[in-house]
Amino acid sequence: MSKVRVLVGTRKGAFILSSDGKRENWDVSGPFFAGWEIYHMKGSPVNPERVYVSQTSGWFGQLFQASDDGGKTWFQPGVKGEDAGAPQWPPVKSNRFVYDSSDETGKPLTTHQWYDGTQHPWEFKRVWHVEPSLTDPNTVYAGVEDAAIFKSTDGGANWSEMPGLRGHGTGPKWQPGAGGMCLHTIILDPKNPDRIFIAISAAGAFRTDDGGKTWKPINKGLRSQFIPDQDAEVGHCVHHVAMNPQRPNTLFMQKHWDVMRSDDAGDSWTEVSGNLPTDFGFVIDVNSNEPETVYVVPIKSDSEHFPLDGKLRVYRSKSGGNEWEELAKGLPEKDCYVNVLRDAMAVDNLDKCGVYFGTTGGQVYVSPDGGDTWKAIVHDLPAVLSVEVQTIP
Amino acid sequence: MSGSVHRVRVQIPYHLRNLARVEGEFVLDVAGPVTIKSVLDALERRYPMLCGTIREHDTLKRRAFLRFFASEEDLSHQSPDLELPEAVASGKEPFLIIGAIAGG
């Protein structure tokens, strides 16, 4: 029987939740990297035992960790311990994320818009999202703050920026959202290896069709109150984008406000918020078996980051948007004032799609039946930053 | 003091001890003048997993929320080439890398 492994990144460490295909009984392991912020962890689709982790701290900066046994043991790629023999030199660079401003391959280190409207230089702060390659376990992408995308082809031991994105001519108009100017979403197209989608708060969504050399903004149809020009090419606060791999030209987006849909790989977007009680939120995901079944967690507003009326609810559309149904069975009925952050929802690949999400209150919920019923796997973890799930044959 | 090897006692914060898999204070062999830079160079050579956690890659700039103390002095804003006090170079007192109290 298949198993599932849920990778949970929190403000104070990483946790792994494991179950069989029934998803009723769970083993909890962790905390790993206790005390560190784990923005994201994700397993390789090629080799599920290879798991990558972004480990970060306001004191000690960025670290990058990996596992080759599904999270039982961890290592910093490229690091040899003292017990491995002679001391290692030159130093390890698995946590070296330096913008490429070289003449040969890079772009000048330009500026972006700061909170007060002035221009501000790009400064690396942390890795928000790791995205392992669909074909090579040693190739992995990293979405970072200040917004840029990096790539490693040696399992995370060395990183190079893909500078075409940061160097896009619209860079001076990008601006940080409340959480920073982060590249938080990376989606690899399973049918076109040269196509990658990314999203940045607050610049918008971008797509490359040439393996990352050049990028184009894909924000037509988005409307954002905080931008004076409603047809602006960039500046939109995209919170998350999701795709069902069976249908890579169809994308769903949770924007700051508005739930959006594109059927032309992002070239144009239409709003599908429909009857949602509020269309502000952070997470969005698509059922792995039903490409028109979409999940969001409505949040009251950009001023009040918690569910409406203290009732935690997932909303599901089985029609690709516009018509949404409330999913409440097993979720808190009152006094719930948590948030669900942008990378904190995931789906598994089992026949009956499992849906998972984590909250800033430390709960991780599972629905083993596509959203019909919910159960908390854990109640009291640190604030959850990210949730990913691996389906293991 | 140049030319000789000094045995310098070093203390680092809890999370970095975990990363380096050391317990408590340890001793580093530092060749030549004992400066902030030469101690950090020796530290990173012996524990490469700490590269980038105390000072930034490439620029070698001290990370903002870390402090360097020696002989009851805060040397954080001194030149990296500053020679450390004799008490540190001779191993009588440790060189302290401290996480700043921040965040409440």
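**Entry 1: the core**

Which residues have the most contacts inside the largest nonpolar core? I started here, keeping in mind that this is a predicted model. The core has 105 residues, and those with the most contacts inside it are A:Val8, A:Ile198, A:Tyr356, A:Val364 and A:Val387. I then looked up A:Ile198 on its own. Leaving aside its neighbours within four places in sequence, A:Ile198 is in contact with A:Gly143, A:Ile149, A:Leu165, A:Leu183, A:Thr185, A:Ile186 and A:Phe206.

**Entry 2: how confident is the predictor?**

I checked the scores next. The complex gets an ipTM of 0.93 and a pTM of 0.95 from the predictor. For chain B, the pLDDT averages 92, and 94% of the residues score at least 70. I also wrote myself a caution: where pLDDT is low, the predicted coordinates should not be read in detail.

**Entry 3: a sheet in chain A**

Next I followed A:Val8 to its strand. Strand β1 of chain A covers residues 3-10 and is joined by eight bridges to β2 (residues 13-20) of chain A, running antiparallel to it. A:Val8 has A:Phe15 as its bridge partner in β2(A). Stepping back, I saw an open sheet of four strands in chain A, ordered β3-β2-β1-β29, with antiparallel pairing. Its edges are β3 (27-32) and β29 (384-392) of chain A; each has a single partner strand, so one side of each is left without a neighbour in the sheet. From one strand to the next, the twist averages 15°.

**Entry 4: a sheet and a helix in chain B**

What order do the five strands of the open sheet in chain B take? I read it as β2-β1-β5-β3-β4, with mixed pairing. Here β2 and β4 (73-74) of chain B stand at the edges with a single partner strand each, so one side of each has no neighbour in the sheet. Two bridges join β3(B) to β4(B), and these strands run antiparallel. One pairing I looked up is B:Phe69 with B:Asp74 in β4(B). Helix α2(B) packs on this sheet, touching β1, β2, β3 and β5 of chain B, and its direction makes about 115° with that of β2(B).

Last, I asked which residues of this helix are buried. In α2 (residues 36-46) of chain B, the buried residues include B:Val39, B:Leu40 and B:Leu43. Their cover includes β1 (5-11), β2 (26-31), β3 (66-70) and β5 (95-99) of chain B.

Key: Residues numbered from 1 in each chain as written. Chains lettered and ligands numbered in written order. Predicted model: local features only at pLDDT ≥ 70, side-chain atom pairs only at ≥ 80, totals over all residues. Pairing = 2+ DSSP bridges. Axes fitted to C-alpha atoms, helices over the stretch in contact; angles between N-to-C directions. Buried ≥ 20, exposed ≤ 12 C-beta atoms within 10 Å, placed from the backbone. Contact = placed C-beta atoms within 7 Å. pLDDT = per-residue confidence, 0-100. Core = buried A, V, L, I, M, F, W, Y, C linked by C-beta atoms within 7 Å.
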